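Visitor: Please take me through one part of this model in detail. I would like the contact surface between the two chains, with numbers.

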Amino acid sequence: MRGGDDLLAMGDGALASLARGEAEVVISDTRSELTRFAGNEIHQSVAERFRHVRVRLIDGGRTGVGEVRGHDGRAIERAFAAAEDSRRVTTESAVSPLPAPSPGESDEPVAFAEATAATMPQGRAELVAIITDAAGAHGINAYGALSTSTTTTAIVTSAGLRRSATSTQASLVSVARGDDGGGYASRHSPDIDALDVPGLAAEVVDTCERNQGATAIGPGDYEVILSPYAVTDMLEHLAWGGFSALAVQEHRSFMRIGEKLMSDRITIRDDARTHEIFAFPFDDEGVSTRPVTLIDRGVCSAVVYDTPTALHDGVTSTGHSLPQPNTWGPLPRHVAMDAGSTPWQEMVGSVSRGLYITRFWYVRDVHPLRTVITGMTREGTFLIENGSITRPVRDLRFTQSIVEALANVIQVSRERRLELGEGESGVLSPWLHIGRFSFTS
Amino acid sequence: MRDLSERALDAASAAGASYADCRVINSTVQRLTVKNGVVASVELFEDEGIGIRVIADGSWGFAGADDLGPASIEETARHAVTIAKASSRVNRTPVRMAPAPALVGEYRTLVVRDPFAVSLDDKVDLLMRTDEAMSHLAQIRVRECSLEFVREIRHFASSEGARLDQTIIESGGGMDATATSDDEVQTRSFPNSFGRHQVCAGWEAIEAFDLPGNAGRIAEEAVALLTAAQCPAGTMTVILDATQAALQVHESCGHPTELDRVLGHEAAYAGTSFLTPDLLGTFRYGSEQVTITADSTSAPGLGTFGWDDEGVAAQRSVLVDRGLFTGYLSSRETAAAIGQVSNGCMRADGWSRLPIIRMTNINLEPGTSSLEEMIATTEHGVYLETNRSWSIDDRRLNFQFGTQNGWEIVDGKRVRLVRNPIYSGQTPEFWGSCDAVAAPAEWQMFGVVNCGKGQPSQLMHVGHGAAPCRFQNVRVEPAR
Ligand SMILES: [Zn+2]
């Protein structure tokens, strides 16, 4: 399923009948399937396919938007009609212009794997069975989901922009539970054949078995090793609330460009060309997504832009737009933290007393400007004593400023792992050794 | 719609399904946003498709498609059966569903004025007047207000003979005013935070919110918070306003009584529950003051309908009866696992998603007190208004919530506004310390429009009737 040309042709046809004004037509075809398991059995397995059409009309200084999900021949026509109804009632000053095309720009790289696009329910069931069999052999239960999706997106505009790309994603998450505790592991890739399913099964079973019979430990400040699953949650919150030009313009971002707020071990980038973070060539306005160094050795370096925020600051868009117009602002969706030099197991060896955190759960902003978040630890919280993990401890609630935590980083691991945050964008994170992290209950 | 569903059911049974149901859904959404004096967006969205659920070889399969042509419907039904058969090769236990009568009928949300008959111009005008009323203070850096209207036409048919048609209408709206200074950002919202307040009703509900009439006050409160004292820290009395009480019910009673969580169906994602079946009928969840019901007949809550998405009739059931844990939210399959019948809580986020157990209207039943009386009889505490942050563990025991606004209470009087309040606790101890719930006069129905659950993720609109209520010995502190 790589029908980008067909969708482009449909978009061209729709623009040809545009009587006046300007228009952007985005057409996407999605096929996604997901197999979910619980108690070592598949309890939910689903598939969906649909076409989504979005039309943005600009005329007389007003912008309107119409969206239709539905496959019938009149979907584009209906989207145009809705966009015109919408355009008529908006105000003139709200217009953000359509971006100009940049001739010669490539619609590569894009993360696509034929194996993912061709996956059938039987194939997913067999991969799930690797995990449920491994769990069953250890007398524990596995839970989780394996999903595959293929999306073709085409954007054409009356300004001459014309782009399309087909991408795939395969994602496997699992929790294993014994009588008194659980473990977690995940793997994600554009290519389902590249998912290390036996590795995931071994990891989730191992964490689960080590995390039985946890005992309570008091709240307070602890030295911590955060696994990449936990680090991803922190980076995602910075992306939502801080790395956006609109957040800076509205004075709600922690970012103070040029100031050093974090440890010089910390460099955070957004790079949509990275294959493993689901490389994709352009944003929702069809603008090429440029790599941006957000935090450079601890210094606030740059934020990401879409067309409206770029116009406001007199710069060019970095290609991080969500569908326009919107009130959320731009968003980096291919975030990675640079790796360090220490093997992560050695990081544990350097802690005399602290906690190893497998993952966080239900992380929410408490004070966005100060990047204070709260959440729980989940499925694998361990006490580290004299350089080794000694016993599992009960889950704790933390309330902690992300920026302060990243200012207190002692070591960054050599290895990194891709995890999907709650917003389902991929984030490539290392293990972090942090000097102080605050647990409140 | 009937032709489509008959074709789907026939194709599923021809492919080997022992049970099949399908939902054909046509929905229309209007979403209007005004930000800082301009119409930021008017989004008009139409959606149509079919979702087909089957049991074959003892396992479930589900497939959805937006192409309603005959060939597509038949292929989608066959694909659902293929999925079920693939799962059955891993599974040992065949699906068992509790019996339910096959019903036939029609239901429509009661509306006084169809919101889709009100012009977009009138809607924009209301938002512009609201925005204008928030614009008088320089410290307000971001003003945003919005309206949303939903019409969903649903047809349900099952191989057991159910044939149900429903038209659900929702109307919602709200505003946020954000004030900033050099070192602080504070937002106030009305009638509820996170975008809007929404109900199953018509335009009359939006008029009753009186957004323009409340906008000036909300902006002033946001500015006042910039320089308000930090919330005091300590163990004290907490009084929640009705909106925060609604969220507390949602997180600490609604989710843990979902029977699929209890049975482990959500263990890898949303989590499990501390309310295990051995506790049913014996566990003290809260004090005598606390009665919580699931009621899909309590209009205009967002969980109000004629039948759920597996054809079970709307009903009221008691989850917590004067403090005692007495019931779950269930489906036909999960109810069978504990020897009961479904109480009608299966709901899907549109045609493309599988129905799963969701809240309907989860209501904290009114008591006999009043906000005024609760404040007057409080020695030291805080009165907390409008949710700002929420987090709870995967078994729904350890929670921490923050609100936009707080009032410190000393010797029966509100003495000062405080900012950044958070409170935390353990679910049964917290509800066990509840010593007052306000009477019906202060009881209101709220909507939560962003309840996430399931994989792939589904967002559900659920209702919560609640009134101000009071709790003792709660840990309170400022968000640092
Ligand atoms: Zn929820």
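Guide: A salt bridge here is a side-chain nitrogen of Lys or Arg within 4 Å of a carboxyl oxygen of Asp or Glu. By that criterion, nine salt bridges link chain A and chain B. The model is predicted.

One of the salt bridges joins E48(A) to R353(B). Their closest N and O atoms lie 2.7 Å apart. Strand β2 of chain A, residues 41-59, gives the most to the side of chain A that touches chain B. Its share is 13 residues. By class, that side of chain A holds 27 nonpolar, 25 polar and 22 charged residues.

Now the extent. Contact involves 74 residues of chain A and 80 residues of chain B. The size of an interface is often given as the accessible area lost when the parts come together. Between chain A and chain B, that area is about 6600 Å². Carbon and sulfur atoms give 49% of it.

β2(A) is joined to strand β3 of chain B, residues 59-65, by four bridges. The two strands run parallel. A47(A) has A63(B) as its bridge partner in β3(B).

Chain B is divided into domain 1 (2-227) and domain 2 (230-478).

Key:
Residues numbered from 1 in each chain as written. Chains lettered and ligands numbered in written order. Predicted model: local features only at pLDDT ≥ 70, side-chain atom pairs only at ≥ 80, totals over all residues. Heavy atoms only, no water. Contact = heavy atoms within 4.5 Å. Buried area = accessible area lost by both parts, 1.4 Å probe. Nonpolar A, V, L, I, M, F, W, Y, C, P; charged D, E, K, R; others polar. Pairing = 2+ DSSP bridges. Domains from an automatic or database assignment.
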